[in-house]
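Here is my note on the model you sent. Please read it with the coordinates open.

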Amino acid sequence: MHIIVGLGNPGREYARTRHNVGFDVLDVFSEKQGIALTKSAMHGLMGEGLIGGEKVILVKPQTFMNLSGQCVTEIVSWYKLEMENLMIVYDDIDLPLGKLRLRLSGSAGTHNGMRSIIGLLGRQDFPRLRVGVGKKPEGWDLADWVLSHYQTEEERKTQFEAFLRAADTLADWIRNGPESAMRTANAVK
């Protein structure tokens, strides 16, 4: 079994913002794989399906970003999931817009959602797929930047292409394992 958690904030006002990259990637992935996210449980919106004969659960936490760990720890505990089968998808301000980076372990960095997850799980040895949203411009507050929408059509196109590549990376991870998925994600765009 694989569980993919896309991080974001619930509510219309946060839709399609930089901080909701995890939700956006899960939307693209769920559509490509035919897995509807319709079940509400464990502080999340969930969907379940099969990919290559493997059970896959998709999750969008419905807590706010800074409390994402509540949902993730409940799911990991309920399904008795091995950490290598948990994937977290989220935004990264330290990566250029549209750049992907897959790692099998690591710290939370500056991301409060990941800080919540790592803090409540008590470990950081699980895969994560980061999607670049670009550095905040001079004079911007970090919260305002990550909660902002993409400014131009070109930015929206770049991010949508990143979401498609991220969805392909997730499918590769499930079908072929982490090494293959890392090559897919980390390839220069």
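**Pockets and a helix pair**

1. The second largest pocket is lined by R16, D24, D27, V28, Y150, R156, Q159, F160 and F163. A pocket here is an open set of points on a 1 Å grid over the protein atoms alone, where a 1.4 Å probe fits, with protein on both sides within 12 Å along at least five of seven lines; lining residues have an atom within 4 Å of a point. The model is predicted: local features need pLDDT of at least 70, side-chain atom pairs pLDDT 80 or more, while totals for chains, interfaces and linings use all residues. Numbering starts from 1 along each chain as its sequence is written, and side-chain values use heavy atoms, without hydrogens or water.

2. The volume of the second largest pocket is about 170 Å³. Helix α5 gives the most to its lining, with 4 residues. The classes are 4 nonpolar, 1 polar and 4 charged.

3. Helices α1 (residues 21–33) and α5 (residues 153–176) also pack together, at an angle of about 65° with axes 9 Å apart. Helices are DSSP runs (H or I, at least four residues); strands are E, at least two. Axes are lines fitted to C-alpha atoms over the stretch in contact, and angles run from 0 to 180 degrees between N-to-C directions.

4. Among the α1 residues that meet α5 are D24 and V28. Contact means heavy atoms within 4.5 Å.

5. The largest pocket holds about 480 Å³. Its lining has 25 residues, with H19, D91, T110, H111 and N112 nearest the centre. Strands β5 (86–92) and β7 (128–132) and helix α4 (142–146) each supply at least two lining residues.

Technical notes
Points joined across faces, edges and corners; volume = space filled by probe spheres on them. Nonpolar A, V, L, I, M, F, W, Y, C, P; charged D, E, K, R; others polar.
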